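I opened my notebook to look through a new structure. Here it is for you to follow along.

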Amino acid sequence: MTTARRRPYGVKGAPYGFLLPAAVLFVLFFALPIGYALWLSLHKVEVKGLGLGSGARKEVWAGLRNYTEALTDSELLHGALRVAGYGAIVVPVMLGLALLFALMLDADKVRLAPFTRLAIFLPYAIPGVVAALLWGFLYLPDVSPFYFVLDKLGMPQPNLLDGGPLYVALSNIAVWGGTGFNMIVIYTALQAIPVEVHEAARLDGATPLQIAWRIKIPMVAPSLVLTFFFSIIATLQVFSEPTTLKPLTNSVSTTWSPLMKVYRDAFGAGDIYAAAAEAVIIAVVTLVLSFGFLRAANSRTQQEEAR
């Protein structure tokens, strides 16, 4: 009868040693900031008299007062509505273009496919602030070559940095920068489809359009769900584009998006307690929407598999 050899303690503890750096980084840069934000959101500063001298400003327990004030703040609500309109343009256009480009690159006869993939993906590698500055100057009538060409052609010159066109201008920056990433995700999923599936469809007389609509798109549905999930999170956290365009137009306020209001309250007004409550609310809303969408997508997938 043989007895199992006991592994040395160092061997058994090796996995925990490999996990330790990641765990330390997680605690320092994720768990602790979240805990500190929650703690700040439940406190406020109480000022006595003119607020001068030692003991004039004291941190006290506020309970849910910061959350109540944030939820009844019209500026935060209007910012959320603006982001909803912005997302209604960005998400379908960006994912639609990403799916179209992925299907075109997955076609049988594609010339210069590596160069085309790189050209579509390259805008994603450009930092968001740089991209916003680039497009911002292209939107300015005084320096934009597009306005010069329209003027020479005698065509109207729309102001893309004012009113309703501002949503199109901001959405264009996001679509230009994010389409390439989503295209790569969908294209990778298309490449994983077995070749036998395509050949069987061709033998049955299916056209390339029918193969794309009835075979490719349903089989890459998990990738579409993933890209939609990422796009929703990025939309709710929009900050760089409107902040960068703000000096170029008066139509972008300091509270244009919820995250811009958090930044204004924390570093402009100096009220980090209200800003922490607003940040927690944004995080909770993002979590609820993401979890609800993923649960709905999973339930639909299970229903389809049951059929």
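**Ground rules.** I am working from a predicted model, where local features need pLDDT of at least 70, side-chain atom pairs count only at pLDDT 80 or more, and totals for chains, interfaces and linings use all residues. Residues are numbered from 1 along each chain as its sequence is written, and side-chain values use heavy atoms, with hydrogens and water left out.

**Pocket.** Helix H8 (a DSSP run of H or I, at least four residues) gives the largest share of the lining, seven residues.

**Helix H8.** I then followed H8, whose 27 residues reach 38 Å from first C-alpha to last, close to the 39 Å expected (1.5 Å times one less than the number of residues). H8 bends by about 35° at Gly178 (the angle between axes fitted to the seven residues ending there and the seven starting there).

**Helix H4.** I checked H4 too: its end C-alpha atoms are 46 Å apart, in agreement with the span for 32 residues. A kink of about 25° is centred on Gly87.

**Salt bridges.** I noted six salt bridges (a side-chain nitrogen of Lys or Arg within 4 Å of a carboxyl oxygen of Asp or Glu). In one, Asp106 pairs with Lys216, with the closest N and O atoms 2.9 Å apart. This pair links distant parts of the chain, 110 residues apart.

Notes: Helices (H or I, at least four residues) and strands (E, at least two) are DSSP runs, numbered from the N terminus.
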